[in-house]
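Me: Hi! Could you walk me through this one while I have it open?

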Amino acid sequence: MQNLSAQKLSVGYNKKILIGGIDLEVRAGEVVTLIGRNGAGKSTILKSITRHLEPLGGAVYLDGKDSRLLSHKDFATQFSVVLTERLKTDRMTCREIVEAGRYPYTNFFGKLKEEDKRIVDESLRMVGGEGLAEKQFSSVSDGQKQRILLARAICQQPQVMVLDEPTSFLDIRYKIELLGILRRLASERKMSVILSLHEIDLAAKISDKIVCVDGDKIYKTGTPEEIFRGDEIRKLYGLRSGSYNLLFGSVEMEKPAGESRVFVLAGGGTGIPIYRALQRKGIAFSTGILSENDVDFQVAADLAETIVSVPAFSAVKDEDIERAQKQIRRAGKLLQACNIFGECNQKCEELLRFAKENSIPLISDVSEI
Amino acid sequence: MEKRDSGILRWEICYAVLVLLLFAAVVANIWIGSANISVGDVFKILFTDVFRGQAQYTIVWSIRMPRMAAAALLGGALGVSGYLIQTYFRNPIASPFVLGISSGAKMVLAFCVVIATNLLGGLSGVSMVVASFIGSLLAMGFVLLCAGKTKNMAILLIIGIMIGYICSAITDLIITFAKDEEIVNLTYWSMGSFSGKDWDDVAVIAGFVLVSFAGTMLLVKPIAAFRMGEGYAQSMGMNVKLFRVLIILLSSVMSACVVAYAGPVSFVGIAVPHLTKMMFSTSRPAVILPGTFLMGAVFCMICDLIARTAFAPTELAIGTVTAIFGAPVVIAMLLSRRRREL
């Protein structure tokens with residue numbers, strides 16, 4: 001069982017060490033993801049693993065053997081890459097690109113044997129690229145290009161696959177497809193996959209291990225459960241404005257400034273689109289009455305000026321209604337997002353009556369503010 | 001599967017067309033000229049001894065044939081070295097001339113001509129060839145030296161262009177202080193021409209060009225991989241450093257040979273590889289390299305024919321003709337490329 005490890009690895013450009021003392025271990029069948037800010041050094045680490053950059057200290061070992069000792073050809077049969085640069089080609093078909101992956105296996109003139117052709121076809125099938133094979137690479141879409149490049153990397157039949165931001169330029173559907181293929185490669189072929197990703201929500205879902213790269217050091221390494229906890233992501237990315245929701249893996253913009261100008265009567269997910277719309281318009285708001293296990297509560301916590309809430313799984317009581325009434329009076333407007341009233345939030349209907357009795361405008365859309 | 005077969009069929013047809021064109025160009029080059037020789041006589045001269053000893057025989061065998069052979073070989077070499085440089089720099093308009101190879105040749109030549117005229121009373125044809133050969137290799141050597149220092153292809157290309165400028169500046173300096181009669185040969189050289197080649201020249205040209213071409217054909221596998229760029233090429237197990245040196249070396253020997261024997265011949269190196277790729281609809285080196293050689297040969301033979309017959313008895317500079325046919329190809333190529341990208 002192969003095992004890739006980096007020990008006391010120092011990486012950087014032009015003899016200047018950017019990140020030193022990197023210890024890393026990737027077992028067969030594992031997906032390891034590097035996350036971190038732009039320019040944090042993710043690519044530099046990956047390039048040092050793929051020998052595009054000379055390590056400035058320490059070494060990368062494959063099965064305990066220093067990878068620098070491998071010949072060009074042997075190295076290529078162990079490692080394959082998908083680079084982050086956009087590839088521009090001149091009259092090359094997609095099949096030719098994939099075939100190039102057989103380079104370390106073919107003879108001096110690069111003649112493909114039947115076996116090679118079978119592997120090319122199989123690799124194309126694996127990424128769903130059979131239909132693209134005879135098309136010019138320059139004429140297919142970004143998503144298709146990335147799949148072909150992945151097929152090329154598969155075709156090289158490596159033990160370790162290294163991908164530098166393989167999902168940039170891809171729409172969400174291709175992102176999910178591509179990462180799904182990587183997971184399959186890891187579990188079916190026992191390949192070790194190391195990649196860098198900007199989509200931390202996806203990283204949390206596909207990785208066995210996450211490495212947080214932070215400029216001059218490895219900030220933290222661990223399972224997604226260990227990394228996506230508490231304030232780590234906020235610190236790693238230096239988030240000052242806006243916030244990152246760990247549970248949803250979603251990003252919320254900065255909370256609108258100022259005093260609440262509207263009270264949003266929400267619950268059960270009806271509030272989230274309204275909150276985001278208000279945020280876009282820069283209107284501060286208060287909201288309620290939310291149970292703390294309501295989905296709306298998650299986003300409200302990031303965006304609302306004030307939240308009137310009740311503990312998880314509890315019914316709304318009279319004193320909660322009073323608190324909400326105070327907020328409605330202060331905001332001067334009531335926006336009704338929720339119109340489902342069940343056992344737990346029955347009393348919230350009273351708020352509608354309260355607004356009517358006190359001639360507080362009752363609206364149903366953000367545009368009415 | 002069907003599509004791949006039709007691709008191979010297309011390549012076969014293209015080769016057949018090129019060979020036919022080559023044959024037509026050979027016949028035309030031997031047949032057409034200021035001395036009127038009928039086609040029938042041409043074949044008699046070539047394949048029988050009927051005309052041996054007569055003027056026509058000498059014209060065909062000692063003037064037209066070697067000139068044609070030189071044009072074909074040098075044209076092929078230009079095409080191939082253009083393809084190599086373009087693949088190497090991953091830039092469609094790179095060519096050995098853009099990298100200052102002819103400027104380097106001209107500089108050394110200018111220097112030698114001025115010195116020789118004053119000290120030896122003139123420079124022989126052979127020494128001119130040697131001087132410009134050294135000059136081209138000097139310029140390319142410098143580019144090669146820089147290639148070891150930077151990995152950025154765009155920067156290397158600009159360095160090449162700058163070296164060209166420096167060489168031109170030094171040449172101008174020499175010319176400024178030279179007497180007219182000293183540089184008459186230089187002026188003649190910089191017009192570029194395939195004229196006055198004899199069989200000895202052709203033998204030397206053939207030696208350099210064919211050996212370099214054979215060397216290039218041995219590199220089809222790495223060249224094919226290098227089309228995806230250096231990063232991928234290296235990851236597939238290629239020794240990129242060695243490859244870079246070999247490619248620059250091969251293409252500069254070929255283009256130095258052209259510069260030495262025919263002077264600067266513009267646009268062939270840019271236009272011919274592109275025309276070939278368009279015709280064959282691929283950039284696969286195993287297919288394109290022989291194709292480019294044939295296409296370059298045909299292109300230069302036809303251009304030379306035009307150069308010597310269009311305004312006979314006045315002969316045009318070969319660069320004049322190649323530019324007229326080559327430059328539009330480059331313009332069309334750049335425009336269509338832009339369209340494809342949008």
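This is a predicted model: local features need pLDDT of at least 70, side-chain atom pairs count only at pLDDT 80 or more; totals for chains, interfaces and linings use all residues.

Me: Nice. What do β9(A) and β10(A) form together?

Reply: They form a hairpin with two residues between the strands. In the turn, A:Gly215 has a positive phi of about 70°. If you want a pair to click on, A:Asp214 stands opposite A:Lys217 in β10(A).

Me: And which strand pairs with β9(A) in the parallel sense?

Reply: That's strand β3 (residues 31-35) of chain A, joined to β9(A) by four bridges. There, A:Thr33 has A:Ile210 of β9(A) as its bridge partner.

Me: Is β9(A) mostly covered or mostly open?

Reply: Mostly covered: β9(A) spans residues 209-214, and five of its six residues are buried.

Me: OK, switching to the open sheet in chain A. What's the strand order?

Reply: The order is β2-β1-β4-β5, four strands with antiparallel pairing. At the edges are β2 (16-27) and β5 (65-66) of chain A; each has a single partner strand, so one side of each is left without a neighbour in the sheet.

Me: Which helix packs on that sheet?

Reply: Helix α1 (residues 42-49) of chain A, which touches β1, β2 and β4 of chain A. The direction of α1 makes about 120° with that of β1(A).

Me: How many bridges join β1(A) to β4(A)?

Reply: Five, between residues 3-13 for β1 and residues 57-62 for β4, with the two running antiparallel. As one example, A:Ser5 is opposite A:Tyr61 in β4(A).

Me: Let's hop over to chain B. How do α4(B) and α7(B) pack?

Reply: Helix α4 (residues 101-119) and helix α7 (residues 180-191) of chain B pack at an angle of about 150°, and their axes are 8 Å apart. The two are therefore roughly antiparallel to each other. The crossing, as α4(B) passes α7(B), is right-handed.

Me: Who's making the contact?

Reply: From α4(B) you have B:Lys106, B:Leu109, B:Ala110, B:Val113, B:Val114 and B:Thr117. On the α7(B) side are B:Glu182, B:Ile183, B:Asn185, B:Leu186, B:Trp189 and B:Ser190. Sorted by class, that contact has seven nonpolar, three polar and two charged residues.

Me: And α3(B) with α12(B), at what angle do they cross?

Reply: At roughly 80°, with the axes coming within 7 Å; α3 covers residues 55-89 of chain B and α12 covers residues 268-280. That makes α3(B) roughly perpendicular to α12(B).

Me: Which residues meet there?

Reply: B:Gly75, B:Leu78, B:Gly79, B:Ser81, B:Gly82, B:Tyr83 and B:Gln86 come from α3(B). They meet B:Val268, B:Gly269, B:Ile270, B:Val272 and B:Pro273 in α12(B). This contact divides into six nonpolar, six polar and no charged residues.

Me: Last topic, the interface. How many residues of each chain are in contact?

Reply: There are 27 residues of chain A in contact with 22 residues of chain B. On the chain A side, α2 (72-78), β6 (79-82) and α3 (94-100) each supply at least two residues.

Me: Which element of chain A gives the most?

Reply: α2(A), with four residues. As for the make-up of the side of chain A that touches chain B, its residues divide into 13 nonpolar, eight polar and six charged.

Note on methods
Residues are numbered from 1 along each chain as its sequence is written. Chains are lettered from A and ligands numbered from 1 in the order in which they are written. Two residues are in contact if their C-beta atoms, placed from the backbone, lie within 7 Å. Ala, Val, Leu, Ile, Met, Phe, Trp, Tyr, Cys and Pro count as nonpolar, Asp, Glu, Lys and Arg as charged, and the others, Gly among them, as polar. Two strands pair if DSSP finds at least two bridges between them. Axes are lines fitted to C-alpha atoms, for helices over the stretch in contact, and angles run from 0 to 180 degrees between N-to-C directions. Angles under 35 degrees count as roughly parallel, over 145 as roughly antiparallel, 65 to 115 as roughly perpendicular and the rest as oblique. A crossing is left-handed if the near helix is turned anticlockwise from the far one by less than a right angle, and right-handed if clockwise. A residue is buried if 20 or more other C-beta atoms lie within 10 Å of its own, exposed if 12 or fewer, and partly exposed in between; C-beta atoms are placed from the backbone.
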